Amino acid sequence: MSKTFLVVAETRGGSLRQVSFETISAARSAGGADTTVAAVLLGAATDAFVNELTQYGADRVYTVAHADLEHYNPQAYFAALQTVVQTVQPDAIFFGHTAIGKDLAPQFSAELGAGQISDITAIEVDDSGQALFTRPIYAGKVLEKKAFTALPWIVTVRPNNIAPLAIDATRTAAAEAIAYPEPSLQTIIRDVVRNTSGKIDLSEAKVIISGGRGVRSADGFKPLEELAAVLGGAVGASRGACDAGYCDYALQIGQTGKVVTPELYIACGISGAIQHVAGMSSSRVIIAINKDPEAPIFKIADYGIVGDLFEVVPLLTEQFKLALQ
Ligand code: FAD
């Protein structure tokens with residue numbers, strides 16, 4: 001029986017988020033050949049993104065455009081998406097495992113009486129066509145495989161784990177505009193002030209250089225920023241560094257910070273507490289730099305450098321500069 005899976009796409013800073021393409025790819029893998037993958041985009045202006053969503057694999061694109069949707073407002077987004085869901089009647093809704101996806105997914109799970117599998121990192125489809133979703137649990141120490149027993153499904157997809165489909169510039173689709181239901185909002189977003197403008201989004205960065213209490217001061221982050229600039233990466237931090245006032249909490253990675261899954265994670269002066277590891281253990285390659293050879297971070301690192309970060313990091317920066325020239 002043919003099915004329709006709906007992917008909730010997101011933009012940030014005037015571009016579609018990479019996780020939206022990964023989520024389209026996830027929906028495509030989980031559905032069979034007879035599954036239509038539709039994307040929906042909510043925002044103040046949405047038309048500019050329709051082609052890109054189509055070229056990354058969406059068969060159809062629904063848009064809801066309204067000034068209320070310029071910034072994420074839970075009530076406005078829920079009402080807009082509810083209208084799309086009532087129109088499309090999807091068999092599954094796929095969200096990125098982002099702040100927005102984590103907020104909306106359980107609301108639709110409750111709304112539709114649907115099961116939810118969150119934070120998936122891989123999908124396999126068995127011979128009977130049943131999709132098995134992998135999700136890390138216990139701070140990434142265990143991988144759980146789950147399947148739905150009934151439609152509809154609600155799924156959230158962890159960023160940077162499922163490769164997007166190859167872009168196909170020949171694909172085209174007309175956007176289907178759905179009217180915003182204009183709910184009476186109890187709160188409105190007047191303005192969003194970013195304090196990390198111009199920097200790479202941590203949750204989507206391919207390379208992260210993270211500093212812990214071992215950086216000793218705000219200035220101690222400078223060598224890390226230089227290395228990140230050479231590698232085109234972002235700077236992150238442990239809570240130890242944030243609590244010490246060396247950096248902003250927006251950089252915190254871990255159980256109570258951001259969960260990141262870059263290609264390369266370099267932990268500098270971070271001991272490797274379980275709460276930190278919970279946010280970065282799914283990184284593809286982990287390098288730890290720590291002067292204590294017994295630091296727990298070495299247990300999960302692919303490569304370890306025992307040494308003073310203030311000596312090691314500038315050396316790495318010089319070497320990468322030469323190698324990338
Ligand atoms: P430390 O544990 O003090 O480690 C500093 C490391 O730097 C040491 O290993 C030391 O050998 C090394 N070092 C010092 N100087 C140098 C140098 N010059 N060169 C090289 N190495 C050096 N933590 C998080 O990170 N993220 C979270 O989301 C988080 N959530 C938490 C939630 C709860 C409920 C709780 C209780 C804790 C949470 N924590 C979190 C805190 C966590 O338990 C640790 O306290 C924290 O991660 C420690 O940060 P750190 O590794 O930077 O500092």
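Helices (H or I, at least four residues) and strands (E, at least two) are taken here as DSSP runs, numbered from the N terminus. The structure is a predicted model, in which local features need pLDDT of at least 70 and side-chain atom pairs count only at pLDDT 80 or more, whereas totals for chains, interfaces and linings use all residues. Residues are numbered from 1 along each chain as its sequence is written, and side-chain values use heavy atoms, with hydrogens and water left out.

Two backbone features were found in loops. Glu182, in the loop between strand E12 (175-177) and strand E13 (207-211), has a positive phi near 50 degrees although the residue is not glycine. Leu151 and Pro152 are joined by a cis peptide bond with omega of about -5 degrees; Pro152 belongs to the loop that connects strand E10 (142-146) and strand E11 (153-157). Most residues other than glycine have a negative phi, and most peptide bonds are trans.

The ligand is surrounded by 26 residues, the closest being Arg213, Ser238, Thr256, Ser271 and Asn290; a residue counts as near if one of its heavy atoms lies within 4 Å of the molecule. By class, this shell holds 5 nonpolar, 15 polar and 6 charged residues. In this scheme Ala, Val, Leu, Ile, Met, Phe, Trp, Tyr, Cys and Pro are nonpolar, Asp, Glu, Lys and Arg are charged, and the others, Gly among them, are polar.

Polar contacts are pairs of N or O atoms within 3.5 Å. An N or O atom in the side chain of Ser238 is 2.5 Å from an oxygen atom of the ligand, and a polar side-chain atom of Asn290 lies 2.7 Å from a ligand oxygen atom. At Gly269 a polar backbone atom is 3.0 Å from an oxygen atom of the ligand. The protein covers 76% of the 990 Å² of accessible area that the ligand has on its own, by the Shrake-Rupley method with a 1.4 Å probe. Helix H6 (239-243), helix H7 (274-277) and helix H9 (309-324) each give two or more residues to the shell around the ligand.

The space taken by the ligand is the second largest pocket. A pocket is an open set of points on a 1 Å grid, with protein on both sides within 12 Å along at least five of seven lines, and its lining residues have an atom within 4 Å of a point. The lining comprises 18 residues, of which Ser238, Arg239, Gly240, Ala273 and His276 lie nearest the centre of the pocket. H6 gives the most to this lining, with 3 residues.

Notes. A polar contact is a pair of N or O atoms within 3.5 Å; within protein, one must be able to donate a hydrogen and the other to accept it, and residues adjacent in sequence count only if both atoms are side-chain atoms. On a 1 Å grid over the protein atoms alone, a cavity is a set of points where a 1.4 Å probe fits but cannot get out, and a pocket is an open set with protein on both sides within 12 Å along at least five of seven lines; lining residues have an atom within 4 Å of a point. A molecule sits in a cavity or pocket if more than half of its atoms lie within 2 Å of its grid points.
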